[in-house]
Amino acid sequence: MVEFPIAPDVAAPEPDEWSAPFWEGLAERRIVIQVCAACARRRFPRMPACPYCAAPGGDDVEVPGTGTVYSFVRAHRALTPASAAIVPYAVAAVDLDGGARMFGRVMPTEQCAIGDRVAPVFVDHPTWTELCFRIT
Ligand SMILES: [Zn+2]
């Protein structure tokens with residue numbers, strides 16, 4: 001099992017009406033993105049209209065969270081005081097198998113590479129849950 005370190009002073013997200021279903025889903029070990037009722041394209045983050053066809057609204061859909069690393073950055077030096085407890089770390093843009101692209105930390109940090117297959121890991125902080133990925 002991959003253990004992700006937690007930065008003790010990291011700021012918690014502040015959900016709004018659009019992001020709340022995503023954060024609530026993570027707390028329940030679910031990944032929620034949106035699908036357009038008009039063109040069926042999937043998107044993240046949630047937003048009031050489709051960025052592809054401009055149709056208003058969208059339906060929430062749950063996806064498994066497996067995917068492929070599209071790109072990544074690896075930090076070896078703490079860029080903020082809050083990140084001192086977690087360096088080195090890698091953050092990747094992951095193309096989810098269920099549609100959409102999202103960002104998350106990836107472990108093992110030193111192995112992360114473009115094209116890696118990943119699976120979701122739900123990392124609980126005191127008041128919120130972070131979506132991370134492990135290389136499979
Ligand atoms: Zn659309």
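**Figure 1. Salt-bridge network of Glu28, Arg30 and Glu62.** In this predicted model, salt bridges link Glu28, Arg30 and Glu62 in a network. Side chains of opposite charge can pair when their charged atoms come close. The count of salt bridges comes to seven.

**Figure 2. Salt bridge between Asp124 and Arg29.** The closest N and O atoms of Asp124 and Arg29 are 2.5 Å apart. The pair links distant parts of the chain, 95 residues apart. Asp124 belongs to strand β7 (residues 117-124), whereas Arg29 sits in the loop between α1 (20-27) and β1 (31-35). Asp124 counts as partly exposed because its relative accessibility is 40%. Arg29, with a relative accessible area of 38%, is also partly exposed.

Figure 3. Asp97 and Arg117 meet through their side chains, at 2.7 Å from N to O. Asp97 has a relative accessible area of 44% and is partly exposed. For Arg117 the relative accessible area is 36%, which is again partly exposed. The second salt bridge joins the side chains of Asp95 and Arg101, with an N to O distance of 2.6 Å. Asp95 is partly exposed at a relative accessible area of 27%. Arg101 is partly exposed, with a value of 36%.

**Figure 4. Zinc site formed by four cysteines.** The SG atoms of Cys36, Cys39, Cys50 and Cys53 coordinate the zinc ion at 2.3 to 2.4 Å. Along the chain, the donors follow the spacing C-x2-C-x10-C-x2-C. The arrangement is tetrahedral because the four donor atoms subtend angles of 103 to 117° around the zinc ion, and the criterion for four donors is that all angles lie between 85 and 135 degrees. Cys50 has a relative accessibility of 5% and therefore counts as buried, the limit being under 20%. Cys53, at 36% relative accessibility, counts as partly exposed.

**Figure 5. Open three-stranded sheet of β2, β1 and β3.** The strands are arranged in the order β2-β1-β3, and their pairing is antiparallel. β2 (42-43) and β3 (59-63) are the edge strands, each pairing on one side only. Five bridges connect β1 and β3 in the antiparallel sense. Gln34 stands opposite Asp60, a residue of β3. Strands of a sheet pair through backbone hydrogen bonds, either parallel or antiparallel.

Figure 6. β5 is largely enclosed by the rest of the structure, because six of its eight residues are buried. Strand β4 (residues 67-75) pairs with β5 in the antiparallel sense over eight bridges. Val73 stands opposite Val91 in β5. β5 and β6 also run antiparallel, joined by six bridges. Gly104 in β6 is the bridge partner of Ala92.

**Figure 7. Hairpin of β5 and β6.** Four residues lie between the two strands of this hairpin. Gly99 takes a positive phi near 105° in the hairpin.

Notes:
Residues numbered from 1 in each chain as written. Predicted model: local features only at pLDDT ≥ 70, side-chain atom pairs only at ≥ 80, totals over all residues. Heavy atoms only, no water. Donors = N, O, S within 2.8 Å, 3.2 Å for Na, K, Ca; no water. Tetrahedral: all angles 85-135°; square planar, octahedral: opposite > 155°, others 65-115°. Buried < 20%, exposed > 50% of the residue type's maximum accessible area, 1.4 Å probe, protein only. Salt bridge = Lys/Arg side-chain N within 4 Å of Asp/Glu carboxyl O. Pairing = 2+ DSSP bridges.
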